[in-house]
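Read the following with the structure open beside the text.

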Amino acid sequence: MKKIINTYAAVIALFIAFSCTRDIVPEPEKTYLDYVIEDYQTLVKEFPDAKDHFVEARFVLDDYIANAQPEDLKAETLTTICYLWQGGYSDIFVCERDFESGEVRTANYQADSPWLGDSQIPEADLMGFKVSLEDAIAAAKKEAASGDGLNTSAVTLRKPVYPFFPNAQYVFGGSASRHDHVFVDAKTGEVSIKEGTVPEGSASTFFMHDLAAIADEYDGGQRLGYQLDIKWNLVEVRYELSQKVNAAMLSDLEAIKATYVYYVPAADNHPSYLIKAVRNSFALDATLEYSEETDVPEWTAGKYIDLDFVDAFVGLEEAIASVKLGDVTDPDTNLVVYSHPEGFESPVMQFIGDKTPTVIVDSITGELLK
């Protein structure tokens with residue numbers, strides 16, 4: 001009898017253990033979309049005005065999407081942004097997450113320009129997104145692998161004002177002058193590839209075109225009599241704006257002049273050169289004006305701008321928007337310099353202030369560098 005009771009007790013214990021084990025369901029692994037929602041909720045809890053005013057979630061990955069398999073790509077940072085225009089200024093709420101350190105920081109600041117380019121996304125829509133960043137990257141790699149639209153480490157979840165989409169999109173960043181612009185629908189996962197041209201009057205319209213024209217102008221010895229492949233010798237581009245940054249709204253700031261500067265060191269068959277190509281108009285029929293200085297001193301203001309960085313340049317207009325909508329004092333300058341100073345991993349855009357601090361923008365991601 002005792003043996004029967006012991007056996008019965010053992011069966012009950014096994015049943016209880018099995019039942020408990022069955023009830024323990026492992027939590028699903030977090031997606032990057034889960035982090036966006038978590039950080040949005042953090043902003044709403046800390047700043048109630050942020051509710052229903054989500055505009056962007058910006059991811060910076062650890063490699064170019066074109067260079068890696070989807071499963072190998074990891075996000076280094078996430079910046080979640082809510083925006084509200086009230087009382088004649090932008091109220092901007094930001095949550096910054098560093099995935100490597102685990103640090104999460106929030107901030108609230110005001111800007112004197114409205115947020116352009118994005119539609120606000122209500123909370124109900126944000127919670128209804130079905131496609132994670134991981135899904136979007138995999139879909140983009142499958143559908144857009146043959147073009148230049150994935151030459152980027154930046155992806156932004158947003159709803160563009162133009163081009164129009166019924167739902168928010170994962171927008172794959174990169175050079176404004178690239179041929180392919182890749183979008184992945186955050187609800188359906190549909191991939192759209194658009195051949196975009198930046199409107200006339202934008203400095204980004206002419207950037208790659210001008211660099212190609214300058215390289216052709218000096219290749220083959222047409223101008224100087226030497227075989228100078230100067231596309232490797234770009235050291236800076238200096239933009240002159242229509243107004244000082246702190247004196248105008250974002251929509252009123254535009255480039256009126258661009259100066260492309262090349263430094264060519266002396267060689268056995270030619271002296272050193274400082275070559276400048278100047279664009280005095282951003283109309284489509286305008287041409288470049290060239291000048292050369294000979295036997296110039298060694299260039300010490302920065303490094304050559306590698307062509308890989310050139311391909312990934314976000315453009316002047318995005319850099320201006322970063323400053324006007326960023327948590328910085330708008331500089332009292334109409335001069336913006338694209339260059340690769342010592343101490344920076346990649347080229348930057350410098351808004352060189354006169355009586356205000358210089359503001360620096362990353363030329364690859366468009367982010368403010370403080």
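A residue is called buried if its relative accessible area is under 20%, exposed if over 50%, and partly exposed in between, using a 1.4 Å probe and protein chains only. Serine 132 counts as buried because its relative accessibility is 6%. This is a predicted model, in which local features need pLDDT of at least 70 and side-chain atom pairs count only at pLDDT 80 or more, while totals for chains, interfaces and linings use all residues. Residues are numbered from 1 along each chain as its sequence is written, and side-chain values use heavy atoms, with hydrogens and water left out.

Helices (H or I, at least four residues) and strands (E, at least two) are DSSP runs, numbered from the N terminus. By this count the protein has seven helices and 16 strands. Of its 370 residues, 46% count as buried.

Where does serine 132 lie? Its place is the loop between helix H3 (123–127) and helix H4 (133–143). A polar contact is a pair of N or O atoms within 3.5 Å; within protein, one must be able to donate a hydrogen and the other to accept it, and residues adjacent in sequence count only if both atoms are side-chain atoms. The side chain of serine 132 makes a polar contact of 3.1 Å with the side chain of glutamate 134, and another polar contact, also 3.1 Å, joins it to the side chain of aspartate 135. Contact in general means heavy atoms within 4.5 Å. Apart from neighbours within four places in sequence, serine 132 is in contact with Thr31, Leu33 and Tyr170.

An α-helix has 3.6 residues a turn, so residues three or four places apart point the same way.

Next comes the sheet. Two strands pair if DSSP finds at least two bridges between them. Eight strands form an open sheet in the order S4-S3-S2-S1-S5-S6-S7-S8, with antiparallel pairing. Strand S4 (104–111) and strand S8 (191–195) stand at the edges with a single partner strand each, so one side of each has no neighbour in the sheet. Ten bridges join S2 to S3, and cysteine 82 has phenylalanine 93 in S3 as its bridge partner. S2 and S3 form a hairpin with two residues between them, and glycine 87 in the turn has a positive phi of about 65°. S3 (residues 89–98) pairs with S4 over eight bridges; here the bridge partner of cysteine 95 is threonine 106. H2 packs on this sheet, touching strands that include S1 (54–61) and S2 (75–86).

Some backbone angles remain. Most residues other than glycine have a negative phi, and most peptide bonds are trans. Aspartate 52, in the loop between H2 and S1, has a positive phi near 70°. Aspartate 295 also has a positive phi, of about 55°; this residue is exposed, with a relative accessible area of 60%. The peptide bond from tyrosine 162 to proline 163 is cis, with omega near -5°, and proline 163 is found in the loop between S5 and S6.

Methods:
Axes are lines fitted to C-alpha atoms, for helices over the stretch in contact, and angles run from 0 to 180 degrees between N-to-C directions.
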